[in-house]
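Dear colleague,

I am handing over the structure below, followed by notes on what was found in it. Please read them beside the model.

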Amino acid sequence: MAMDAGMLSLPEDCIAAVISFTTPRDICRLSSVSSLFKSAAESDVVWDRFLTPEYLSVISGCGSSSLSMWSSKKELYLRACHNPVLIDEGKLSFWLDKRSGKKCYMISTRACKIEWGDTTIYWNWISLPEARFPEVAKLIDVCLFDIEGKINTSLLSPRTTYVAYLVFKPTGEEYGFEDCPIDATVGFVGSEGRKQTIYLDTDRGLIPWDAWEQVDHVPWHAGLFNPGEPITPSVPEEEEEEEEEEDHVFYVPSVRGDGWLETELGKFFYQGHEDGELEIIVMENLRLHWKSGLIFQGIEIRPKRSR
Amino acid sequence: MSSSIASSSSSSSSSSKKEKKISLKTSDGEVFEVEEPVAMQLEIVRSFFADNEDVTEQTVMPLPNVSTAAMHGILEYCRAHEEFRRRMPEAAPEEEVRAFEAGYVDRKSNEELKEMILAANYLNISKLLDFLTGVAAKRIENKSVEYVRAFFGVENDFTPEEEANLRREYEWAFEGVDED
């Protein structure tokens, strides 16, 4: 039985119920459909789903921003995306990915294990106004370059392909990183991580970063590479493919919206029930020549852009 | 037969007769004789019988917002869930429920889906409403504004300027949308 389309218009609460099962990106786009959709897309009922209890407890614990200060749940959500908060005694920076609502973190370098990190002739701890953390690590001079970060997987959003990035900036007096391949490994503790080659020098050109909105950048490469494929560790066929690809791929820095640089360290898929820790290792232990002049803010973990 | 156990556990409603049926009349005048435990999944029906003492077994409850077509779909879903519940009262057989739901919804056109959402909303069947709205969400994910207008049969009631402003505000949400 053919129905006249106009006859069957859903009321606002049904529209709200439908769009609350999509993503924040869909919801924001669909507010252009009609005034009814706009009203539904601004309702608290829709945004409640994306304000996880963890997030609410974090911001209510921050003191500065009480929940009642926010006129709507949507406003609160957007704040959670644009204003990272410090958690875990300032070791982690936490925010939500605006498009998907998934949880993002930056592990401060203070919370990382840095080889020689406490020896002042090799590394210094400085504070910078443009950093999220009270202290960041300034590389004075090392031969063995080794930064290792860990994060508990229970903090992550399930069924998500995450990408890890090293966030840093040059002092202007850097040396030793030009044409210096560095190994980056990302994986769950206790299983073998995936290794890829990265560079931290900006001489081979920077990938432009379009103020946080940039779609996943395509890395510089000498062979074929499909950046859209998520890594699924449990499927062996895919793993083989990925490894073959990665022989040809290396990653170079891009400029972030906040002025820092970032280099991709690797991807991983979190299903949601693997308990344990995710480990990220960045290391140069082959050439062992002197390297200097970069400032490291932390290791960022955010969902891969699926579209 | 074995229905004595079932009827004693659901004896909250007035009558003690087993295999009690409830009559529901759709907008186009068709009367459905529905088994009581199935009909009671419709919250609007449950509260109608709970709140009205003078209703009898002969009472036909009118449902002016539900078409016959939608009623067929709703009853198919509710009967299947009643069957799952009867077979496994402790915990629903998840795999089977999912397989049933997937097959059930694959056969529904967008128009039928919308009609059923409307009916499930009016009848206040929260489980079915959650399920159907989730299905509709999957069908409109990453689709263009124009596609969604057509999907829901919604008129664009913005002025060109209002719409342009909204699109500008959420520019980031428009990249990489599926082609219609």
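Of the 307 residues of chain A, 51% count as buried (under 20% relative accessible area, with exposed meaning over 50% and partly exposed in between, using a 1.4 Å probe and protein chains only). This is a predicted model, in which local features need pLDDT of at least 70 and side-chain atom pairs count only at pLDDT 80 or more, while totals for chains, interfaces and linings use all residues. Residues are numbered from 1 along each chain as its sequence is written, chains are lettered from A and ligands numbered from 1 in the order in which they are written, and side-chain values use heavy atoms, with hydrogens and water left out.

Chain A has seven helices and 15 strands (DSSP runs numbered from the N terminus, helices being H or I of at least four residues and strands E of at least two).

Over all chains, the structure holds 32 salt bridges (a side-chain nitrogen of Lys or Arg within 4 Å of a carboxyl oxygen of Asp or Glu). In one of them, A:K73 pairs with A:D48, the closest N and O atoms being 2.8 Å apart; A:K73 belongs to helix α6 of chain A and A:D48 to the loop between α4 and α5, 25 residues apart. A:K73 is partly exposed at 26% relative accessible area, and A:D48 is partly exposed at 38%. A:E148 forms another with A:K113, at 3.6 Å between the closest N and O atoms, and because A:E148 lies in strand β7 and A:K113 in strand β4 of chain A, the pair ties together parts that are 35 residues apart in sequence. Here A:E148 is buried, at 16%, whereas A:K113 is partly exposed, at 48%.

Turning to chain B, domain 1 covers 18-140 and domain 2 covers 142-180 (bounds from an automatic or database domain assignment), with their C-alpha centres 33 Å apart. The contact (heavy atoms within 4.5 Å) takes five residues from domain 1 of chain B and seven residues from domain 2 of chain B. Between them the two domains bury about 590 Å², 66% of it on carbon and sulfur atoms (the accessible area, 1.4 Å probe, that two parts lose on being put together, summed over both). B:N110, B:K114 and B:I140 supply 77% of the area that domain 1 of chain B buries against domain 2 of chain B. The count of salt bridges between these domains is zero.

Best regards
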